[in-house]
Amino acid sequence: MDNIEKPKADLSELAASQIPEAEQLAQQGKTDEAFEKLLSLEKQSRVAADLSSNTKALSAIVRICCQLGLWTQLNDYVTLLSKKHGLLKQAVTDMIKQAVECIDKTPDSATKMELLNTLRTVTAGKIFVEVERARVSRILASIKESEGNIAEAFDILQELQVETFGSMEKREKTDFILEQMRLALAKSDFSRAQIISRKINTKFFKETENQDLKLRYYNLMIQYAVHENQYLQVCKYFRQIFDTPKVQEKEEQWTEVLQNIVYFIILSPYDNEQSDLIHRVYEEPKLAKIGIYKDFLKCFITNELMRWPKIEEIYGHLWKANQFFDDKSEEGKKHCQDLHRRVIEHNIRVIGGYYSRVTVKRLTQLLDLSSEEAERFLSDLVVNKTVQARIDRPAGIVSFKQKANPNTVLNEWSMNINSLLDLIVKTTHLITKEEMVNNSGLAKAV
């Protein structure tokens with residue numbers, strides 16, 4: 001909070017006369033006299049609590065140092081004036097802002113680094129200049145990154161908890177957090193990147209003017225999710241990008257994004273959520289414009305077996321041209337392997353739907369795998385509770401009969417007993433009826 005006491009004296013006239021005189025002295029080379037005059041005015045206005053005059057005096061000192069290239073004096077005066085007793089916080093804030101604007105005017109990197117360090121020092125621990133400290137730190141981090149010191153750049157930004165800065169605008173705050181995320185990913189600190197990402201409220205991206213930040217955020221989240229092999233999350237992040245109006249305006253952009261949505265929904269392990277999402281993606285109207293991808297996706301929705309060699313022959317050129325399936329990188333190789341795995345898992349689910357029992361030999365023929373590989377894939381699906389199956393190794397038979405729930409078994413037994421009792425009662429009535437008919441006929445005959 002700024003000092004809110006009323007000015008004890010109005011020194012605006014004195015400031016209006018002394019500041020031009022000081023600037024004229026500085027232009028004549030008499031910088032010591034100029035600074036002495038301005039420091040005197042600064043002290044008088046500070047004691048008198050005249051915010052306007054004090055701000056003008058501080059700004060004049062910084063302006064003269066910047067214009068004449070007096071960088072050493074600038075560092076000294078900024079340090080000195082930010083430690084004065086009874087300083088006016090708003091005036092110091094304006095001085096720091098003006099000093100920040102001088103950073104780009106420095107003649108060399110050494111001078112720039114010295115000024116940056118000075119500003120970081122004088123703003124440390126001062127809430128009223130926390131925004132300026134964040135901006136200076138970002139400039140310093142950018143310099144460190146350009147020098148190849150990514151870890152040091154990340155550490156500089158990491159120490160700032162901008163989400164607690166009440167004086168920083170929400171857009172700038174989000175932009176700063178995204179920069180922290182980017183450096184964390186560049187440093188391969190994926191755990192930290194995930195923690196930082198939680199500081200951003202995605203509702204902020206609903207506003208049209210924040211589309212650029214939305215795209216940056218979800219592209220960073222895609223990098224994280226791809227590294228963690230969270231394929232379903234990657235698909236969801238791409239869907240958020242796809243739904244952005246800025247992307248929808250350009251066909252080449254939404255086409256590429258939609259292609260990646262298809263790839264990653266296919267790569268996602270099968271469960272209820274994946275099954276629901278893959279059908280929603282298949283029903284996307286714009287998918288029809290890239291028909292071959294819709295056909296590729298249809299293979300995983302239709303309950304029919306797929307032969308991997310045939311799939312690779314028809315659609316292989318599609319994923320091999322995609323950056324996420326680059327066989328030169330470890331991640332790309334893994335994605336190709338996982339794609340093959342999803343084809344096999346789909347085939348096993350289809351077989352489980354049509355067969356109650358099947359021989360291992362026949363299963364290997366249908367899956368185009370060896371018996372060991374078929375058993376391994378089947379076991380993984382059973383462990384993940386995707387299918388219900390049992391393998392009888394001595395007999396060489398796989399049973400896909402689902403294990404009945406105890407409640408289901410009990411209900412079925414109860415229904416069977418009721419049916420049996422109803423049948424007994426009905427049979428008893430029929431027998432009694434026949435007996436009565438027969439007895440009635442004998443009595444008439446007698």
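Which helix lies across S1 and S3, and at about what angle to S1 does that helix run? The legends below take up this point and several others.

The model is predicted, so that local features need pLDDT of at least 70 and side-chain atom pairs count only at pLDDT 80 or more, whereas totals for chains, interfaces and linings use all residues. Residues are numbered from 1 along each chain as its sequence is written, and side-chain values use heavy atoms, with hydrogens and water left out.

**View 1. The three-stranded sheet and the helix across it.** Helix H19 (residues 360-367) lies across S1 and S3 and runs at about 85 degrees to S1; axes are lines fitted to C-alpha atoms, for helices over the stretch in contact, and angles run from 0 to 180 degrees between N-to-C directions. Helices (H or I, at least four residues) and strands (E, at least two) are DSSP runs, numbered from the N terminus. The sheet is open and is formed by 3 strands in the order S1-S3-S2, with antiparallel pairing, where two strands pair if DSSP finds at least two bridges between them. Strand S1 (357-359) and strand S2 (390-392) are the edge strands, each pairing on one side only, and the twist from one strand to the next averages 20 degrees. S2 and strand S3 (residues 397-399) run antiparallel and are joined by 3 bridges; the bridge partner of Arg 390 in S3 is Ser 399.

View 2. Asp 368 lies in the loop between H19 and helix H20 (371-383). Its phi is near 60 degrees, a positive value in a residue other than glycine, and for context, most residues other than glycine have a negative phi. Asp 368 counts as partly exposed because its relative accessible area is 39% (buried means under 20% relative accessible area, exposed over 50%, and partly exposed in between, with a 1.4 Å probe and protein chains only).

**View 3. The largest nonpolar core, around Phe 264.** A nonpolar core is a set of buried Ala, Val, Leu, Ile, Met, Phe, Trp, Tyr and Cys residues joined through side-chain atoms within 4.5 Å. The largest such core has 115 residues, of which Phe 264 and Phe 296 touch the most other members. Not counting residues up to four places away in sequence, Phe 264 touches Val 226, Tyr 231, Val 234, Cys 235, Phe 238 and Phe 324, contact being defined as heavy atoms within 4.5 Å.

**View 4. Helix H4 and the helices packed against it.** Within helix H4 (residues 71-81), the buried residues are Trp 71, Leu 74, Asn 75, Tyr 77, Val 78 and Leu 81. In an α-helix there are 3.6 residues a turn, so residues three or four places apart point the same way. The buried residues of H4 pack against helix H2 (31-47), helix H3 (51-68), helix H5 (89-101) and helix H6 (109-123).

View 5. Ala 49 is found in the loop between H2 and H3 and has a positive phi of about 60 degrees although it is not a glycine. This alanine, Ala 49, counts as buried because its relative accessibility is 7%. Asn 54 is found in helix H3 and likewise counts as buried, because its relative accessibility is 1%. When neighbours within four places in sequence are left aside, Asn 54 is in contact with Glu 42, Ser 45, Arg 46, Leu 88 and Ala 91.

**View 6. Lys 236 in helix H12.** Lys 236 has its place in helix H12 (residues 231-242) and counts as partly exposed, because its relative accessibility is 27%. With neighbours within four places in sequence left aside, Lys 236 is in contact with Glu 273 and Leu 277. Lys 236 and Leu 277 are 41 residues apart in sequence, and 9.1 Å separates them in space, C-alpha to C-alpha.

**View 7. Asn 411 in helix H21.** Asn 411 has its place in helix H21 (residues 406-445) and is partly exposed, with a relative accessible area of 47%. Between Asn 411 and Val 382 there are 29 residues of separation in sequence and 26 Å in space, C-alpha to C-alpha.
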